[in-house]
Amino acid sequence: MSDWLLTDGARRLLADTCTYEAVQAAEADGWCATVWDPMYRAGYASLSDLPLDDALALLTVAGEHAAPVPLAEAALAGWLLQEPVEGTVSVAASTELRLDSGGLSGSAARVPWGHAVERVVAVVDGQAVVVARASAARVERHVNLAGEPRDTLVFERAEPQVIAPAACDLRERGALTRVALMAGALAAMARLTVDYAGERRQFGRPIAAFQAVQQHLVSIAQDAALASAAAAGAARVPGAFEIAAAKALASRAALTATRAAHQVHGAMGMTREYRLHHLSRRLWAWRSEYGDEQHWAQQLGRAVAAAGAENLYASITGGSTAI
Amino acid sequence: LRAALLFAPADLTEQELALQAEVRSFLAEELPRGTFTPGLGMAAPRDPAFSAKLASRGWLGMALPARYGGHDRSAVDRFVVSEELLRWGAPVGYHWVADRQSGPMINRFGSEEQKQRFLPAICRGELSFAIGMSEPEAGSDLASVRTRAVRVDGGWLVNGTKVWTSRAHESDWFVVLCRTSEVSDDRRAGLSQLIVDLRSDGLTIAAIQVLSGHREFNEVVLEDVFVPDALVLGEIGAGWAQNTSELAYERGGPERWLSTYLVVEELMRSRPELASGERARLVLGEAVARWWALRRLSLSVARMIDSGAAPAAQSALVKEMGTRFEQDVLSCVLGLAALEPVADASSPFERLLFEAILSAPSFTIRGGTNEILRSVASKGLAAL
């Protein structure tokens with residue numbers, strides 16, 4: 001069970017700092033010091049030092065607030081190196097990166113906040129390589145569906161600061177961070193949509209009074225509950241089974257819940273001035289990052305099929321402890 | 001706070017895992033695959049001898065008090081045993097209703113005399129119960145029941161018709177929801193529950209033919225059936241509230257997401273070539289992921305019951321998605337296996353598939369239609 005004081009503190013900090021205006025400004029500026037600096041000062045960026053379930057609970061809080069900061073990347077960098085990285089850090093994974101006596105070369109696409117961070121941890125052939133970005137890479141700026149920086153970094157004989165064996169599987173742990181973020185965003189989207197349906201009046205009553213609308217509200221709540229249960233299960237036992245199942249479910253839930261939430265919000269949900277898009281666009285982005293629902297369902301299905309009929313139910317109850 | 005969104009993470013303790021292992025080895029020994037005809041979840045056949053074996057293990061009436069023959073265990077322990085029986089396709093039909101809801105209801109609302117009379121026999125697997133809620137004019141709208149009990153010397157005279165009464169023809173008792181006073185502005189007032197002997201004078205049971213051809217549902221007609229005061233369950237007039245809590249026992253358990261589980265397991269066992277292609281892996285992965293997470297939510301509901309909470313909204317939320325998933329699983333399997341199912345197929349897979357197709361529409365109807373469940377869950381979504 002995660003530490004309530006920890007998540008409550010983060011929740012209050014983000015309630016103060018991660019306002020609608022801050023998230024909007026982050027999209028324009030490509031960096032959000034008003035959210036990041038207080039979080040960093042309060043020590044939240046060292047979340048890789050926390051027990052895994054606490055770290056993931058923090059990411060869930062970040063997801064609830066659509067926090068436009070590389071908190072998941074700080075966690076991943078710390079897990080890869082087994083110690084938190086000072087300052088701002090992101091993570092690069094690409095098969096086009098290579099490390100030799102001349103240093104780190106090649107390009108990595110979709111590096112979160114790549115243009116803005118002080119350091120990048122690149123994973124090359126199972127090794128975590130820390131490089132200082134500013135001096136070392138050519139940056140092409142891009143953004144994901146949520147307007148968050150996902151930059152391409154091109155290294156040419158960049159000098160490594162640290163080389164260490166990668167202490168975790170980046171694809172699995174990366175997927176786990178997205179599950180936690182999505183669980184938070186889905187819970188927030190469920191609340192936002194219920195509140196909107198209670199306030200918005202048409203035909204003389206709140207639209208929440210219509211059964212057709214209630215069905216959408218319930219299906220969003222179901223998706224949020226499934227994603228939360230999946231996140232909690234994978235936080236407790238972060239095995240291959242649990243991560244694959246959790247990411248497959250959360251990514252699927254992101255698709256179905258955003259569809260229903262937008263339907264309830266009608267045209268209002270399509271505007272920039274209303275904050276639904278802070279959540280829905282992030283859910284669409286996180287859904288595909290580190291593998292989408294099809295990828296992980298395939299992975300899981302392969303493992304389950306290989307384990308055979310006799311182990312099917314044991315895998316449902318025991319997950320990676322069974323297969 | 002929004003009740004329908006509150007699910008505490010739930011995992012099994014060491015003791016609960018030990019119980020799970022015990023049930024698994026019991027089933028492997030007592031009911032090896034191939035030696036019995038497995039059923040689809042709670043619709044599995046009745047077998048009093050098997051129920052008695054479970055009773056001798058202490059697995060019936062688990063959460064009932066020891067002084068009434070129960071075992072003072074938790075809702076989670078009962079969850080652990082139930083899910084193993086259901087996924088095995090074990091014949092749970094004889095004890096299912098008594099163990100799941102009638103026993104707990106009598107324990108909660110019954111008189112001392114009723115508890116002593118019924119609970120030990122339920123725990124020994126010697127009594128079976130049916131459910132007396134639905135009527136021709138009262139399906140989802142239970143407050144409109146017309147079965148009426150009129151005060152007579154020493155008890156009540158009951159007249160009315162109950163329908164969809166599963167296994168009434170082979171059960172001993174049923175708990176009847178009926179009207180004991182005139183309909184007032186509050187339609188939920190004036191309802192009561194009576195424990196009625198299915199062999200009473202004036203009571204006739206007739207089969208309702210269903211599309212599968214199975215003898216499962218019945219119409220039970222009560223004509224001047226005398227029910228003594230001693231068999232009034234709880235308070236006269238409190239039937240609505242009592243019945244609502246009975247429905248909470250009915251919802252959110254593993255029987256709401258396991259009805260088609262065995263179809264998948266049997267597909268893998270008997271037609272591995274169908275279960276290993278790229279599309280099959282996707283289907284299998286999606287299904288297993290969902291079973292895994294639904295199970296965690298369902299377990300969380302059982303933990304809430306153990307902590308004294310009344311997770312009505314959460315139970316409805318889980319049952320609604322669990323039962324839709326049961327149907328989705330079947331559709332996916334049908335998409336993988338290009339079969340033309342025939343009755344009495346020799347392969348367990350084809351037989352289960354045949355049965356599942358014919359019973360699947362009931363998954364999202366029985367125990368409260370999904371439309372009603374969505375309405376219950378949506379009330380639990382409003383900020384408290």
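**Exercise 1. Find how many salt bridges join chain A and chain B, and name one.**

Solution. Start with the count: three salt bridges link chain A and chain B. The term means a side-chain nitrogen of Lys or Arg within 4 Å of a carboxyl oxygen of Asp or Glu. One pairs Arg269(B) with Glu310(A), at 3.0 Å, N to O.

This is a predicted model: local features need pLDDT of at least 70, side-chain atom pairs count only at pLDDT 80 or more, and totals for chains, interfaces and linings use all residues. Residues are numbered from 1 along each chain as its sequence is written, chains are lettered from A and ligands numbered from 1 in the order in which they are written, and side-chain values use heavy atoms, with hydrogens and water left out.

**Exercise 2. Describe the interface of chain A and chain B.**

Solution. First, the residues: 43 of chain A are in contact (heavy atoms within 4.5 Å) with 45 of chain B. Next, the area: about 3,900 Å² is buried between the two chains, with 69% from carbon and sulfur atoms. Buried area is the accessible area (1.4 Å probe) that two parts lose on being put together, summed over both. Gln222(A), Tyr313(A) and Ile316(A) supply 18% of the area chain A buries against chain B, more than any other three residues.

**Exercise 3. Locate Val121(A) and list some of its contacts.**

Solution. Val121(A) is among the residues with the most contacts inside the largest nonpolar core, which has 214 residues. Such a core joins buried (under 20% relative accessible area, 1.4 Å probe, protein chains only) Ala, Val, Leu, Ile, Met, Phe, Trp, Tyr and Cys residues through side-chain atoms within 4.5 Å. Beyond four places in sequence, Val121(A) touches residues including Leu80(A), Val89(A) and Val130(A).

Conventions: Buried means under 20% relative accessible area, exposed over 50%, partly exposed in between (1.4 Å probe, protein chains only).
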